[in-house]
Every structure is written in C-alpha cells, then in structure tokens.
Amino acid sequence: MSLFNLAFARQQGGRFLLRIEDTDRARFREDSEQQVFDTLHWLGLTWDEGPDIGGPYAPYKQSERLDTYRPYVERLLEDGKAYYCWCSGERLAQMREMQQKTKQPTGYDRLCHGKTREERAALPGFTDKDPVVRMLIPDDAPLTFDDLIRGTVAAPRPDDQVILKADGFPTYHLAVVVDDHEMGITHVVRGEEWISSTPKHVLLYQWLGLEPPKFAHMPLLRNADKSKISKRKNPAARLTWFKEEGYLPEALVNFLALLAYPPVLEVDGTEREVFTFREFSDGFDWKKVNPVGPIFDLKKLDWLNGVYIRELDLGDFTSRLLPFLERDEVLSGNPSLGELGRLKAVAELIQTRIAHLTEASALVRPFFVADDALEIAEDARGQLKEDAGQVLDAAIAALGDIDDAGTGPLGSDSGFNAAAIEASLRESIVEGLGIKPKFAFGPLRTAVSGQRISPPLFESMEILGKTSTLARLQGLRDSL
C-alpha cells in the first residue's frame with residue numbers, strides 16, 4: 001500500500017503521509033510502530049509527514065488525537081445520525097449466534113436505538129459501563145462508489161457500525177474519515193478488504209458535509225494455494241523476514257510493484273520486468289493496476305534479487321555482505337583493513353553465484369579460517385575418488401614450484417596468481433595424469449574450501465596465497 005501510495009504521490013507532486021492508526025487497543029503492540037518505520041525506511045519508501053518527523057497536521061498518531069474526534073461524534077448524535085448503545089458483550093454474542101443459527105443477516109438489532117439509559121437498563125443484556133456510539137444506517141444508504149482501479153463498485157449494506165468505543169477511542173471507520181478530512185487527504189489507497197466498509201465512510205462524509213477523497217482498493221496478496229496471506233501463517237508476510245533472508249530492498253520494491261502492475265513497455269514493444277521506483281512512479285496509472293489478487297511467488301523474487309545483486313557496484317555489494325557475515329560469525333563487527341581487502345576479492349568471485357545475501361557466509365567462511373581449522377564437509381569428502389591422493393600430490397609438487405615473491409612497486413604483485421596456478425595445474429594433472437578437466441580439480445576444491453561447491457578454484461588459491469593453499473592441500477592429503 002505504501003509503495004503504490006508513494007508512487008502516485010511522487011508522480012503528482014503531492015505529499016505522502018504516514019499515520020499510525022492505533023485505536024484498536026486490544027491488538028496494540030508497542031514494537032509494531034517502530035517496525036513500520038524501520039521496514040519502510042529500509043525499502044526507501046519515505047514519507048513527507050508522520051509521527052517521527054511531524055508536519056502541519058500533527059499529531060499523526062490517532063491515539064494522540066482523541067479530542068479531535070469527540071466533536072464529530074457529538075454532532076452525529078445531535079443530528080440523529082448516531083445513538084448510544086449499552087448492550088453487553090454477552091448479549092451481542094448471543095444475538096450473532098442466533099442470527100447465524102436462523103440464517104438471518106448478522107448485524108446489530110437496534111435494541112438501544114431511541115432509548116434513554118434508564119429505559120435500556122430495564123431490559124436484559126445491559127452493561128453499566130460507558131456506552132458505545134453507533135451509526136444509524138438509513139434504508140437508502142448509498143451502496144455504490146467510484147474506485148480508481150475498479151470503476152463503479154457495489155458493496156453490501158452495512159449494519160449500525162460502532163464509531164466510538166466504551167474506552168473513548170474511535171473505531172477505524174470514524175477516525176479515518178475525520179483524519180482524512182482534517183489532514184487534507186485527497187486519495188485513499190488501501191486493501192480490497194475495506195470495500196465493504198466504504199459505504200459507511202461515504203455516509204459519514206455526507207452526514208458531516210465533507211468532501212470525500214478518491215478511493216483506490218488494491219488487490220490482496222495470496223499464497224500459492226490462492227488463500228489470503230496471513231502474518232500468523234506465512235513468514236513472508238512480515239517485512240523484516242525479507243531483510244533477514246538477504247533480499248535487497250530495491251529488488252523487493254520492484255517485485256511488489258510487479259505483483260499488481262505490468263512490466264515497463266519499451267519503445268519496441270518488448271516488456272521489461274526490472275525497473276526502478278522512479279520509472280514505476282513516473283509512468284504510474286491507476287487503470288493499469290490489476291484488481292485480481294496476485295500470487296506471491298518467491299521464485300520470481302529470488303530471480304529478481306539475483307539480478308539486482310549482480311548489478312551492484314563491487315564495493316556496495318561487499319558492504320552489504322558485512323551484516324550477514326558478522327551475524328554468522330565469519331567476521332567480527334570490526335574487521336581489519338586486510339580482512340576487508342580479502343573480503344572484496346572474495347566478493348568479486350561470488351557476486352554472480354548467489355541469489356540471497358545469506359548465501360555468502362558459506363562461500364566466504366573458508367577464506368577466514370585457519371588452515372588447520374578448515375572442516376571438510378562430509379558430502380565433499382564422500383565424492384573423492386581413488387585417485388584423489390595422486391591428484392593432491394601432483395598439485396602440491398606443481399604449485400610448490402611457483403615463485404610467490406612479491407614484485408612491482410609495492411611488492412603486491414606475485415607469480416602465484418590465478419593464470420599461473422591454472423596453467424601449472426592443467427599441465428601437471430590434466431596432461432600429466434591424463435585426468436579430464438571435469439574431474440581433475442574436485443579434490444583441490446575440497447581441500448581449499450572444504451565444500452563441494454565453492455568460488456572459482458584458481459582465483460581462490462590466489463586469494464589464499466601459496467602458503468595456505470599448500471597447507472590445505474597437504475592437510476587433506478594427510479587425512480586420506
């Protein structure tokens with residue numbers, strides 16, 4: 001919702017407001033608000049006004065605006081558009097149960113309408129707590145409205161909705177109408193589950209003599225089985241999950257846009273699925289939004305994430321790996337310049353090989369462990385053939401002959417480089433032992449990385465250097 005709101009606001013030169021709608025105190029969680037700030041900032045979806053930065057219509061938390069709503073409630077009561085209700089929770093539950101059993105439409109039966117507190121107290125199911133306030137929905141309530149995505153939309157007739165709760169907090173329905181008016185909101189972009197509530201909001205605008213905003217009801221995201229995505233059942237419905245799993249925010253923004261919007265159409269008529277937020281915003285059109293609930297396909301996101309990872313500048317890519325390497329204890333939180341230099345060299349080898357930043361740790365770890373502490377994975381050891389010892393012996397002899405003395409102005413150039421390593425190993429193993437290249441280097445890969453799958457072998461040996469490379473080859477040879 002934020003993505004599509006922001007894209008339209010930026011295209012129109014408007015302002016994007018972040019408002020915390022926290023009137024449901026039963027479901028309130030202290031940490032949720034900060035999570036909203038953190039995840040939207042991570043995605044780069046920044047707002048022009050909000051609780052954390054202020055603005056001309058502060059405060060931007062509904063729980064801090066209670067005095068704003070009360071006059072609107074009093075006006076509706078005075079005009080006969082709303083009434084007090086003293087029904088207990090038990091009575092309302094029994095009423096709904098009976099309606100369901102007898103297959104009647106569920107909704108409040110207006111027992112309290114037109115009664116004073118004393119008159120209502122004489123009847124069953126009365127609560128002596130503060131009453132709630134309900135809308136009095138007329139028989140001719142407007143049930144259709146214009147939607148920017150869906151055109152003319154019909155919604156079911158609402159029941160007498162509570163607009164002020166016993167705790168003095170407004171419900172969502174009253175609060176958003178009042179706040180949207182007070183804050184000058186012109187467009188409301190929200191999920192399609194609010195379509196059924198829109199007639200209530202339209203009524204409130206009419207009763208209060210206010211200009212309603214334009215509505216755009218977005219499709220709801222669905223699981224592969226077409227069920228609605230639930231935060232309780234699907235971890236992917238929690239934005240922090242994507243950050244933890246090593247997705248890039250720009251890839252996720254691109255993916256979320258594609259879920260309900262077509263790819264960019266090039267001049268030659270071809271479609272392009274990889275695009276920036278700026279491109280998405282500049283060409284934005286509500287008519288292009290697909291109203292059908294899209295399937296949340298993580299395979300598509302994985303592909304997109306891989307594309308974005310490969311397009312990163314090497315320095316940027318390296319820096320983005322650091323939090324994951326620190327989390328997995330591959331590097332400390334304060335790596336040395338030497339470690340950073342080695343990491344950048346390794347990052348260049350793996351950038352085209354991963355789809356998630358979380359995949360880096362397994363590939364990077366072998367470059368930051370002591371030679372005698374390198375663990376050989378069981379699957380890597382298990383694939384070694386009978387000639388592994390012969391291959392390792394040949395490699396140790398061949399690589400031992402390469403001069404690794406530093407040359408060049410700073411002594412940083414060495415004869416022990418990928419090209420020289422490859423030439424020497426091909427001569428000694430492929431030609432010397434007559435082993436096909438496909439099979440020749442498996443034991444060396446296992447010795448150097450401890451894994452079946454690793455970054456490119458010859459470049460890895462160059463980064464490790466002659467001493468470490470030979471120590472690892474000998475270590476595996478001794479264990480056979």
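Glu273 touches Asn254, Leu258, Pro263, Lys300, Trp303 and Leu304, not counting residues up to four places away in sequence; a contact here means heavy atoms within 4.5 Å. The model is predicted, so local features need pLDDT of at least 70 and side-chain atom pairs count only at pLDDT 80 or more, whereas totals for chains, interfaces and linings use all residues. Residues are numbered from 1 along each chain as its sequence is written, and side-chain values use heavy atoms, with hydrogens and water left out.

Glu273 is placed in the loop between β9 (271-272) and α10 (277-282). Helices (H or I, at least four residues) and strands (E, at least two) are DSSP runs, numbered from the N terminus. With a relative accessibility of 29%, Glu273 counts as partly exposed; buried means under 20% relative accessible area, exposed over 50%, and partly exposed in between (1.4 Å probe, protein chains only). Between Glu273 and Glu378, which are 105 residues apart along the chain, the C-alpha atoms are separated by 41 Å.

### Overall architecture

The protein chain contains 21 helices and 11 strands. Its radius of gyration is 32 Å, while a compact globule of 480 residues would have a value near 23 Å. This radius is taken over C-alpha atoms, and the globule rule is 2.2 Å times the number of residues to the power 0.38. The C-alpha trace spans about 100 × 50 × 40 Å along the principal axes of the protein chain.

Of the 480 residues, 44% count as buried. Among contacts between residues at least 6 apart in sequence, 73% join residues at least 24 apart. The protein chain exposes about 24800 Å², of which carbon and sulfur atoms supply 50%; accessible areas come from the Shrake-Rupley method with a 1.4 Å probe, and for residues only the protein chains shown count as cover.

The chain carries 58 positive and 75 negative charges, and their mean positions are 7 Å apart. Lys and Arg count as positive and Asp and Glu as negative, while His and the chain ends are not counted. The place of each charge is NZ of Lys, CZ of Arg, CG of Asp or CD of Glu.

### Cysteines

The structure holds zero disulfides, a disulfide being a pair of cysteine sulfur atoms within 2.5 Å. Cys87 is in no disulfide, and the nearest cysteine sulfur, that of Cys112, is 3.6 Å away. Cys112 is likewise in no disulfide, its nearest cysteine sulfur being that of Cys87. Cys87 counts as buried at 9% relative accessibility, and Cys112 counts as buried at 0%.

### Backbone features

The peptide bond from Ala58 to Pro59 is cis, with omega near 0°. Pro59 lies in the loop between α2 (32-43) and α3 (66-78).

Positive phi values occur at Lys103, a residue other than glycine, and at Arg110, which is not a glycine either. Lys103 has its place in the loop between α4 (89-101) and α5 (117-121), and Arg110 is found in the loop between α4 and α5. Lys103 is exposed, whereas Arg110 is partly exposed. The values for these two residues are tabulated below.

| Residue | Phi | Relative accessible area |
|---|---|---|
| Lys103 | near 60° | 77% |
| Arg110 | about 65° | 29% |
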